[in-house]
Amino acid sequence: MWQYTLKRLLQGVITVWFIATATFLAMHSVPGDPISGERAATEAIRANLAARYGLDKPLGEQYVIYIGNFLKGDFGISFTQQNRQVNDIIREHFPVSATLGILAVLFAALGGVLWGALTAIYRNRLPDTIIMFLVILGISVPSFVFAALGQLALVNINNFFGVSILPVAGWGTVSHMIVPALVLGMGTMAYLTRLMRSSMLEIIHSDYVRTAKAKGLPAERIFLKHQLRNAILPVVTVLGPAIAAITTGGFVVELVFAIPGLGRYFVQAVQQLDYTVIMGTTVFYGSFLVFMVILVDLLYGWIDPRVRVQ
Amino acid sequence: MSAPLLEVQNLHVEFDTYGGTVRAVRGVDFKVEAGRTLAIVGESGCGKSVTVQAMMGLIPMPPGRIMQGSAKLRGVEILGRKTIEGREVRGAEIGMIFQDPMSSLNPTMTIGDQIAEPLIVHRGYSRSKAWARALELLKLVRIPEAEKRAKQYPFEFSGGMLQRAMIAMAISCKPTVLIADEPTTALDVTIQAQILDLLKDLQNETGMALILITHDLGVVARMADDVAVMYAGQIVESGSVDDVFYRSSHPYTLGLKLAMPNNDPGRHDTLQPIEGSPPDLFSPPVGCAYAARCPHSMRVCEARSPEQFDVAPRHYSRCWLHHAQSPHRADGLFLGGGNE
């Protein structure tokens with residue numbers, strides 16, 4: 001088990017290194033650089049700036065410098081924002097994104113498992129039809145539409161009651177988080193519902209559930225001990241990529257609800273070719289996701305004994 | 001003879017499918033006495049499993065439907081009921097084991113927990129007491145190193161071991177009837193023999209009745225006291241194992257016997273299959289279901305479904321050849337032919 005964990009972590013480090021290298025190369029192959037946008041700058045000023053930031057050095061040398069700095073945990077200084085360390089940007093804004101993301105994932109996973117199990121049990125009956133209709137909506141409607149609709153609904157609800165039940169935008173308390181997390185998790189929840197439904201349907205008709213019935217177990221016990229745990233396996237498998245989708249997809253929701261998350265900086269940096277911020281946020285997101293996937297795999301081993309042994 | 005422990009009468013089961021209604025079981029009667037073994041024999045799709053699953057309430061409804069009939073345990077109706085006389089029918093009164101032990105156990109639960117589960121649910125045992133009993137049961141079904149094995153998961157067991165664990169689970173609450181639905185079909189021959197011996201020994205120890213569903217006549221000869229031969233949802237011949245094997249009274253039983261591979265070095269017969277295939281149970285024939293494949297078919301066979309003819313005490317056959325007006329000499333046919 002420990003050996004497996006160690007192996008996975010080592011693979012993770014290699015993955016992160018690969019992400020860093022790929023981002024570095026992709027970033028530098030885009031025409032222009034962070035200082036080419038400066039209007040007033042003459043050739044001489046630009047050359048001086050390039051020399052100051054090391055942008056005039058050959059690509060290989062720049063790469064070595066970047067990687068060296070990463071290893072020291074230094075992501076450098078932002079090109080476009082006044083006097084800000086990339087480390088500070090991440091430190092200030094990532095916890096916001098992470099809180100929102102984790103809440104959204106929890107919501108998506110719990111909702112997906114619950115609705116999925118429900119639709120499977122009520123297969124081809126009214127609850128199934130209604131939920132599956134909503135699921136199709138959830139999968140096909142993009143998150144910014146849900147975000148706008150969610151906000152609109154909040155405004156109307158608050159107006160109706162005359163008091164602010166849940167804040168429409170902003171960040172700070174738990175009440176700020178609920179609706180954005182719901183909106184962010186919606187698509188994933190819909191997807192997990194479908195997955196859970198099909199896996200549950202398969203298990204309802206499996207031989208061991210028949211055995212459990214032949215043992216005369218009550219329905220709740222069969223559901224909890226024999227169906228749920230086995231049906232949940234495929235859901236856990238896609239939870240890793242789902243976390244990736246949610247945390248990187250948070251940008252739109254953060255924008256609509258005016259949440260000071262990392263997503264905004266990530267997207268802005270790419271638009272402005274802010275080399276250090278791009279590298280910093282990408283590598284950070286990358287390592288976070290790799291770590292999450294490893295965590296999910298370990299969780300999988302905990303749920304399914306067949307995976308545990310190797 | 002003692003009173004029947006379990007008596008099934010006129011059981012009819014149907015399934016709604018996209019192609020129409022399948023009449024899978026069409027009037028099945030049988031009795032099982034305590035300490036005895038009834039084998040239900042027949043080819044795939046003849047309704048053997050459906051019969052016992054209907055009795056146990058294991059048929060998904062819908063699409064399944066029990067149209068009529070009764071199943072009485074010690075004289076008390078069990079169809080559609082979960083408990084009789086305060087005891088749970090499934091798992092406590094009647095235990096059941098299935099064909100494929102590999103897929104019939106929960107892959108994410110330890111063997112010990114799965115065996116202990118009925119004890120916790122039906123007997124109200126504490127977890128530790130149920131676990132201790134589960135270890136005893138594992139030893140009873142001859143699984144070595146029970147303490148270690150109980151903590152393992154189904155994927156760590158071989159097929160034969162899993163079937164032993166299934167048996168341990170099924171007998172954990174000391175059922176009065178054990179139903180074994182093709183218990184050895186998925187296992188290789190040496191393991192088959194071990195499992196059958198185990199079932200026999202457990203039956204001798206506990207005095208439970210055993211209903212053995214199989215299509216293997218070898219297993220029947222080895223295990224059964226009584227035999228019911230099923231064809232197209234009906235029991236076509238029923239009697240003691242000697243009656244059915246040595247005094248077969250239905251052409252289908254004869255056909256099955258001829259189709260059995262023979263290992264006798266002195267004989268070089270070719271295997272004689274039964275020509276044709278079983279009838280479509282979407283619209284079962286009006287007459288005898290076997291008429292289309294029967295070499296002795298008469299006009300009446302196509303027109304009217306045969307009644308039960310008692311050929312001897314406790315031995316009946318559903319075949320018009322036994323009718324007093326039958327042009328064939330039934331006795332001659334069944335004394336010659338496959339009965340030697």
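## A two-chain model, piece by piece

E145(B) sits in the loop that links helix 3 (127–140) to helix 4 (146–150) of chain B; helices (H or I, at least four residues) and strands (E, at least two) are DSSP runs, numbered from the N terminus. This is a predicted model, where local features need pLDDT of at least 70, side-chain atom pairs count only at pLDDT 80 or more, and totals for chains, interfaces and linings use all residues. Residues are numbered from 1 along each chain as its sequence is written, while chains are lettered from A and ligands numbered from 1 in the order in which they are written.

- E145(B) counts as exposed, with 10 C-beta neighbours inside 10 Å (buried takes 20 or more other C-beta atoms within 10 Å of a residue's own, exposed 12 or fewer, partly exposed is in between, and C-beta atoms are placed from the backbone).
- K174(B) also has a phi near 50°, positive although the residue is not glycine.
- You'll find K174(B) in the loop between helix 5 and strand 9 (177–181) of chain B, and K174(B) is exposed, with 12 other C-beta atoms within 10 Å.

**Chain B overall**

- Chain B is built with 11 helices and 14 strands.
- Its radius of gyration is 21 Å, close to the 20 Å that the globule rule gives for 340 residues, so chain B is as compact as a globular protein of that length (the radius is taken over C-alpha atoms, and the rule is 2.2 Å times the number of residues to the power 0.38).
- Of the 340 residues in chain B, 46% are buried.

**Chain A overall**

- Chain A goes another way, with 13 helices and zero strands.
- Its C-alpha atoms fill a box of roughly 85 × 60 × 30 Å along the principal axes.
- Buried residues are 33% of the 310 residues in chain A.

- Helix 7 (residues 174–204) of chain A has 31 residues, yet its end C-alpha atoms are only 38 Å apart, short of the 45 Å a straight helix would reach at 1.5 Å a residue (the expected span is 1.5 Å times one less than the number of residues).
- That helix 7 of chain A has a kink of about 45° centred on M186(A), where the bend is the angle between axes fitted to the seven residues ending there and the seven starting there.
- I89(A), in helix 4 (residues 86–121) of chain A, is buried, with 22 other C-beta atoms within 10 Å.
- I89(A) and L262(A) are 173 residues apart along the chain, but their C-alpha atoms are separated by 7.7 Å.

**Nonpolar cores**

- The largest nonpolar core has 98 residues, and A165(B), I211(B) and V229(B) have the most contacts inside it (a core is a set of buried Ala, Val, Leu, Ile, Met, Phe, Trp, Tyr and Cys residues joined through C-beta atoms within 7 Å).
- Helix 5 (residues 159–170) of chain B gives the most to this core, with eight residues.
- A second, separate core of 41 residues includes A147(A), A231(A), L239(A) and V253(A).

**Where the chains meet**

- In total, 24 residues of chain B are in contact with 20 residues of chain A (C-beta atoms, placed from the backbone, lie within 7 Å).
- Helix 2 (residues 111–123) of chain B supplies the largest share of the chain B side, four residues.

Notes
Contact = placed C-beta atoms within 7 Å.
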